[in-house]
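This report looks at one helix, a group of rings and several charged pairs. The sequence and the structure come before the details.

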Amino acid sequence: MKENRRYWIIAAMIGVAFLLIAAFTTANWYRGKSKTTDPNASTNGFSDSLTVPPNKNLDNVSAEDVINRYLTREQELRTNLLKELKPMEASGNGSLDYVKAMVSLNEATTLLSESYKTFEGNDETFKLLSQQTEKGLQAENETMKELMDKYAREEHKNEDMENAYLTDFNALVAEFEKAGTTDSSSLEHAFSQALMQYDQLAVNLSTSILEYTDYNEVVTMAQKIINDRKPQIEELKKLTQ
């Protein structure tokens, strides 16, 4: 009799244990379901107040990386241009020296404008400016290369005028080199400041050659460059204020 009672007690205890386990499992299931269906629930199980906020600086880091890569490219273009401009090999004709220098400067300026788009420049005003710059310089260089071939064939010499021009030329190139690195606060600022420096060198070289050339076509072209670049420089200043 006592043996049977002991079996009943053990069975009762086992039954209670099963009931407790079932109750605990059911409670956990409902709790998990409520977290899954709650739109405000955190996916990692923590409350919203404890979740890690998104990194708001990711876009800025990306933009900074683009600017740095652009500045590296701009410095490469500037270095290559300076290698072509200094020292300028005397040809005996200051006008030929000017045209050669302007061809190199225009090619570097074209690559500078292209790099704005290459490095994800998406401001519509600056995109249009870069496109207009590339188109204008392409046409300008076609004419200048024709003049360069023409003057080279003529072998026209005027060393006194050339020496006077090259004195100005070397000083202006040194001034351009000294201007150095451009602003890196944004891609647009970096591009516009570099373009202003290139445009200013074109204006300065063109202003100088007006005193030292006896070619009417060079006078016409140099004056056009001055008339075109000066307003662009002023516009770039306004855009980056």
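By about how many helical turns are Glu 76 and Arg 73 separated in helix α2? They are three residues apart in α2 (residues 58-85), so about one helical turn separates them.

## Basis of the report

The model is predicted: local features need pLDDT of at least 70, side-chain atom pairs count only at pLDDT 80 or more, and totals for chains, interfaces and linings use all residues. Residues are numbered from 1 along each chain as its sequence is written, and side-chain values use heavy atoms, with hydrogens and water left out. Helices (H or I, at least four residues) are DSSP runs, numbered from the N terminus.

## Salt bridges within helices

A salt bridge is a side-chain nitrogen of Lys or Arg within 4 Å of a carboxyl oxygen of Asp or Glu. The count comes to 12 by this rule. One of them joins Glu 76 and Arg 73, at 3.0 Å from N to O. Glu 76 is partly exposed, with a relative accessible area of 39%; here buried means under 20%, exposed over 50% and partly exposed in between (1.4 Å probe, protein chains only). Arg 73 is also partly exposed, at 24%.

Helix α7 holds Asp 228 and Lys 224, four residues apart, about one turn of the helix. Their side chains meet in a salt bridge of 2.7 Å, N to O. An α-helix has 3.6 residues a turn, so residues three or four places apart point the same way.

## Helix α4

Helix α4 (residues 124-154) has 31 residues and reaches 45 Å from its first C-alpha to its last. That is close to the expected 45 Å, where the expected span is 1.5 Å times one less than the number of residues. Its buried residues include Phe 126, Leu 129 and Glu 140. Glu 140 is also linked with Asp 199 and Arg 229 in a network of salt bridges.

## A cluster of rings

The whole structure has seven aromatic pairs. Rings of Phe, Tyr and Trp (its six-membered ring) pair if their centres lie within 6.5 Å; planes under 30 degrees apart count as stacked, over 60 as edge-to-face and the rest as tilted. Tyr 116 and Phe 126 have ring centres 6.1 Å apart and planes at 45°, so this pair is tilted. Both residues, Tyr 116 and Phe 126, are buried.

The rings of Tyr 116 and Phe 191 have centres 4.9 Å apart and planes at 25°, so they are stacked. This pair links distant parts of the chain, with Tyr 116 in helix α3 and Phe 191 in helix α6, 75 residues apart. Ring pairs link Tyr 116, Phe 126 and Phe 191 into a cluster.

Notes:
Helices (H or I, at least four residues) and strands (E, at least two) are DSSP runs, numbered from the N terminus.
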